[in-house]
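Some labels given to parts of a protein rest on a cut-off.

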Amino acid sequence: MNPTPSSASALSTQPSALAPLDTFPRRHIGPSPADQAAMLQLLGASSLEELIAQTVPAAIRLQKPLNLPPAQSESEALGTLRSIASKNRIYKSFLGMGYYGTITPPVILRNILENPGWYTQYTPYQAEISQGRLEALLNFQTMVSDLTALPMANSSMLDEATAAAEAMSMCHAMNPDRNAFFVSDNVHPQTIAVIRSRAQWLGIHVIVGDEGDLFHDSIALPITTKDLCGILLQYPGTDGHIEDYSALTQQCHDDDILVVAATDLLALTLIKPPGEWGGGGADIAVGSAQRFGVPMGFGGPHAAFIACKSEFTRKLPGRIVGVSKDAHGNPAYRLALQTREQHIRREKATSNICTAQVLLAIMASMYAVYHGPDGLKAIAKKVNSIARLLAEAVPEFGHAVISDDFFDTLSIKLKKRSAAEVIKSLNPHKINVRVYDAETIGVSFDETSDLNDVLWLLEAMTPSNHKGSFPGKPWLLEKWQAEQSKIENRKSKILQHPVFNSYHAEHEMLRYIHRLQSKDLSLTTSMIPLGSCTMKLNATSEMIPVTWPEFANLHPYAPADQTAGYQELFKTLEDYLAEITGFAAVSLQPNAGSQGEYAGLLAIREYHESQARAAAANQLPITNYQLPVSPRDICLIPTSAHGTNPASAVVAGLKVVPVACDDQGNIDIEDLKKKAAQHAANLSCIMITYPSTHGVFEESVKQICKIVHDHGGQVYMDGANMNAQVGLTSPGNIGADVCHLNLHKTFCIPHGGGGPGMGPIAVAQHLIPHLPKHPLTGADASKSQLPITNYQLPTPPIVISAAPHGSASILPISWMYIRMMGPDGLTAATQVAILNANYMAKRLESHYPILYRGKNGRCAHEFILDCRHFEDSANIKVEDIAKRLMDFGFHAPTMSWPVPGTLMFEPTESESKAELDRLCDAMIAIREEIRAIEQGKMDKTDNPLKNAPHTAPAVTADTWQHPYSRHQAAYPAPWTRVHKYWPTVSRIDNPYGDRNLLCTCPPVDAYH
């Protein structure tokens, strides 16, 4: 008999003697049946059913269980997924376009990518317990800055195409009176597609053409160069050609046009970097660090990069790691310029990027650390030598290489064979090459390439009637001896900092990785109770498939007949997520929550646009069919919303109108009615989060949806709090039209220290035509030439990510989670997440005020403690409590959001009662320390909270001048004497770091 979906404890009953024993829900859900009973007793609820009835409004409850396959055991699910993966066919890829085969050093593969000490960390907002990953990210920034020869780089972007779109937005923000952006037609086609999609609703005209014609009077541009805010150049080009852009850069700068270079880090070890071009150098550089040891993964996740000149730092999107000092004057890392993070700026943002690809940036930086400058150059020279070897040989077979200047990519004009014949000949060798047209192919080499590859490529290009005369390997080897790299023209040195020149032996690298890991708190140490972030179990069984070659080693534009396994995975996962959300269809393309928000809003915008065009079909002049028609550009957003919501709305070209919240933290219905009526003619949508960002199931949510629908708008639901809905209710059931899902929250993809994430969108039936598309799916990897007046083409499709399915290689994690939990397990997980939050709130309510509760006094899956009064009573701020928790071995909950001066806890379903109690005990002990300050028993300025966190050097120093004991500082709870997590720096001085901005590796003597 299947366990009932209404009782989590039923999931732990004894299985049949013949059934699999490695069942998963009992491993994922922390509290045992006995623990659940004790927790319910404290809450005064007789059962989980009663607690849920008191918490989730009856009007939105699902009336039937989820229609999903029954749970499989861990071994069964892995077997099923292995069978799916086996349907993928692994070809050696020479497709290029920014994706390359790479060799992940095993020491990095095992000790970072496959290590929960690295992949279960959270975003480094609490810098004192994030020093390891912050150092690795600073290495990444230094690596990018060195290789691009631009002084400022951030700590990674989502992918190269997104980074290029962000660079376009930077150019526009710095030249707001100029509304055109030029893109070279030698830029990767996926980048052009993402840029055009991004530009449309921002009112930026994108012109794609030959950059050589840009300043020629003979070319008829639809704009003048005085209209251009910037231009984007690919270096090397998508066809492999390396151009000297010095003269063009000078011309652009003479006309106040900013220059963006999309470039390749490995090539930059040998060729002149964009920052050193003549004419003042490129202003911004973007690209991908994928080929630095990160598998292709059918498109991601990978760490992209963006770097710029120092004067543009304040416009740089995403996160920047900087160097500051701690309370004892020691160097310490933290996120620099946090107040300029885009999501904090809300509707004033120019970007909605609030995360990064931390785990992958760390891998790429460690790849550079491990190989060092000489190793990277050796790899680059090998790649270029193989490419040059093929280039020298091709003419002898009757074909022509289009460019003499290249790094790793050749475009070859075939004379005696067609592209189709070459493809057919390469199939037995399992090799993919790029096809431009019937007579032109592209070949991109990488560090996995060898002489056999060149041999097979030449054989495939040999006309059928000449097969017998093919000279073979000895002839190639002779040419190999004669042909060495001729490309090295970079004069400046790279990666001179000691960190890139010290860890080339594996045991030294291993020690360095573990030294950094030990400085960070992850889920391997203790629970991370961050509200709205859902730091739950990332099970080993879920993680294992990520590095299977069948998932890791596919190029995102591989022909469709080679990717049947991925297609099956996508289809089943989309079906699962559609059922869970109550929607009709799902797109897996958005590769972060912020991108999911953006994609969902664009779907709404395009829906309104299609409605307006249909209504005005007989009235539109034919020359204007490409211009926006719908006036619906108002987005209503509650004042309590995630900061990414207004930022995403702005990026989607919407105008934000805030909606007030009442004293209970709910959306103010009367204010909503007023704003909806006021903007009825222009209302596009409302963005809501459910349960609310205050941790409450709002009773009026269906009324909210109806008000917006009645005034012609759509309802966008932020899926950040989906962990409180699965199996109990759904966005579709509530009345929303679209939602994004944070797979890195509810569906178990680990946060990776601040990325990767995934943000698929689910939509109602009428929005299906407006889901993201992609120009490159399967075999279509053409150059995608567009006319120079291409902004007059019909509305471009929504393209969100560089790859058709975003960060495809981490989707098996969520597939495994859903498949192992089954419908009953997923429902039980939601129930226990709500139980755990209410249990903690009950234990803490007599020590801290609980800020918001639902109608029956219950919270949802998270709750907020009000700490504002402590500032008056004891001179204690929430930051002091957050830092003191580090001494107890815990990461702080979400601090001062959504209400300043508060702490928001989300324990998730994965934490056991023992761990919940431990955190409650820590919070109660801290409350007693605050009470001692209030009563005058402790000094208001010199106490354990104000001086937290306490490092080992501080508590073992020769002198101790504080009025409390060393023991109280370091061992404030019994468990800290059993296992002590030591922060490696004391409290960091953030203002000092912003006043003295340093965002690359500091000199070694700084640590002395």
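The questions that follow concern a predicted model.

Q: Why is Trp456 called partly exposed?
A: The relative accessible area of Trp456 is 27%. Buried means under 20% and exposed means over 50%, so Trp456 falls in between and counts as partly exposed.

Q: Where does Trp456 lie, and what is it in contact with beyond its neighbours within four places in sequence?
A: Trp456 belongs to helix α14, residues 451-461. Leaving those neighbours aside, Trp456 is in contact with Leu426, His429 and Ile431.

Q: What makes α9 oblique to α20?
A: Helix α9 (residues 189-200) and helix α20 (residues 593-615) pack at an angle of about 60 degrees, and their axes are 11 Å apart. Roughly parallel needs an angle under 35 degrees, and roughly perpendicular begins at 65, so the pair is oblique.

Q: Which residues make the contact of α9 with α20, and how do they divide?
A: From α9 come Ser197, Arg198 and Gln200, and from α20 come Gln595, Tyr598, Leu602 and Glu606. These residues of the contact divide into 2 nonpolar, 3 polar and 2 charged.

Q: What makes β2 and β4 edge strands?
A: The order in the open sheet of 7 strands is β2-β8-β7-β6-β5-β3-β4, with mixed pairing. Strands β2 (152-153) and β4 (205-209) each pair on one side only, and are therefore the edge strands.

Q: How do you know that β3 and β4 pair?
A: Pairing takes at least two bridges. Strand β3 (residues 180-184) is joined to β4 by 5 bridges, so they count as paired, and they run parallel. Phe181 stands opposite Val206 in β4.

Note on methods: Residues are numbered from 1 along each chain as its sequence is written. This is a predicted model: local features need pLDDT of at least 70, side-chain atom pairs count only at pLDDT 80 or more; totals for chains, interfaces and linings use all residues. Side-chain values use heavy atoms; hydrogens and water are left out. Helices (H or I, at least four residues) and strands (E, at least two) are DSSP runs, numbered from the N terminus. Axes are lines fitted to C-alpha atoms, for helices over the stretch in contact, and angles run from 0 to 180 degrees between N-to-C directions. Angles under 35 degrees count as roughly parallel, over 145 as roughly antiparallel, 65 to 115 as roughly perpendicular and the rest as oblique. Contact means heavy atoms within 4.5 Å. Ala, Val, Leu, Ile, Met, Phe, Trp, Tyr, Cys and Pro count as nonpolar, Asp, Glu, Lys and Arg as charged, and the others, Gly among them, as polar. Buried means under 20% relative accessible area, exposed over 50%, partly exposed in between (1.4 Å probe, protein chains only).
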